[in-house]
Amino acid sequence: MERKLIIAGIGGQGVIFVTKVLSQAALARGESVMASENHGMSQRGGSVMSYVKVGGSEAPLIRRGTADALIAFDRVEAIRNLPFMRAGGKVCVNSLNGLEPAVMPRLNELGINVHTLNADACAKELGAPAVANLVVLGFAAAHQALGLTLDDLKEAVKTLGPAKAVEMNLKALEAGARKAALTPDPSPIRNNTEQERGE
């Protein structure tokens, strides 16, 4: 069964590396993968996104309203890419304050679950702010948003290297998964309410 994933962030947040990790993890499981990147002013903090299609067609792009999951390293980029989500999909986003409350009623209507974590803070605790992207990825895997397990991702990280970064990258994946274990799978309505209360 085809899985359509969108990875979104801004330049320097490692969208392309995470795309490679997802692709490698799926390939190692014997699944077909089609990935496509879209980046413009990435070196100036501009938008960067990629499409990853696993186990399906060879068309590179994902149509609006059809993505199974959105993995975002930036709150604004998450909101910008919400139109790609299908009903019942999952959004995992690095955000201190959840998503914009104005978008939540529509997400609730569509049954889209939103999972947020402060991956930047988590990565700083690890002593490596640059690994926030892998914290989000581990978080998404633990919320079963990818169709890939945490172990799949760990093996991909080991394969892709570089060797000097592997240990920290594995710690980041595990840290994200631990954060997911602390946050139950909420309905979008409850998630929004908790965020509005500042919990």
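Biologist: Is Ala156 buried or exposed?
Modeller: Ala156 is buried, with 2% relative accessibility. Buried means under 20% relative accessible area, exposed means over 50%, and partly exposed is in between, using a 1.4 Å probe and protein chains only. Bear in mind that this is a predicted model, where local features need pLDDT of at least 70, side-chain atom pairs count only at pLDDT 80 or more, and totals for chains, interfaces and linings use all residues. Residues are numbered from 1 along each chain as its sequence is written, and side-chain values use heavy atoms, with hydrogens and water left out.

Biologist: Which helix does Ala156 lie in?
Modeller: Ala156 belongs to helix α6, residues 150-160. Helices (H or I, at least four residues) and strands (E, at least two) are DSSP runs, numbered from the N terminus.

Biologist: And what does Ala156 touch, leaving out residues up to four places away in sequence?
Modeller: Val21, Gln24 and Ala25. Contact here is heavy atoms within 4.5 Å. Ala25 is 131 residues from Ala156 along the chain, yet their C-alpha atoms are separated by 5.1 Å.

Biologist: Okay, salt bridges. How many does the structure hold?
Modeller: There are 11 salt bridges. Each is a side-chain nitrogen of Lys or Arg within 4 Å of a carboxyl oxygen of Asp or Glu. In general, side chains of opposite charge can pair when their charged atoms come close.

Biologist: What does Glu109 form a salt bridge with?
Modeller: Its partner is Arg106, and the closest N and O atoms are 2.9 Å apart. Both sit in helix α3, residues 104-110, three residues apart, or about one turn of the helix. An α-helix has 3.6 residues a turn, so residues three or four places apart point the same way. Glu109 is exposed at 60% relative accessibility, while Arg106 is partly exposed at 49%.

Biologist: Which residues are linked in a network of salt bridges?
Modeller: Arg3, Arg29, Glu31 and Asp152 make up that network. Arg3 also stands opposite Val54 in strand β3.

Biologist: Nice, so strands. Why is β1 largely enclosed by the rest of the structure?
Modeller: Because seven of the eight residues of β1, residues 3-10, are buried. Eight bridges join β1 to β3, residues 47-54, and the two run antiparallel. Four bridges join β1 to β4, residues 67-72, and those two run parallel. Two strands pair if DSSP finds at least two bridges between them. Ala8 stands opposite Ala72 in β4.

Biologist: Last one, cysteines. How many disulfides does the structure hold?
Modeller: Zero disulfides, where a disulfide is a pair of cysteine sulfur atoms within 2.5 Å. Cys92 is buried at 0% relative accessibility, and Cys122 is buried at 5%.
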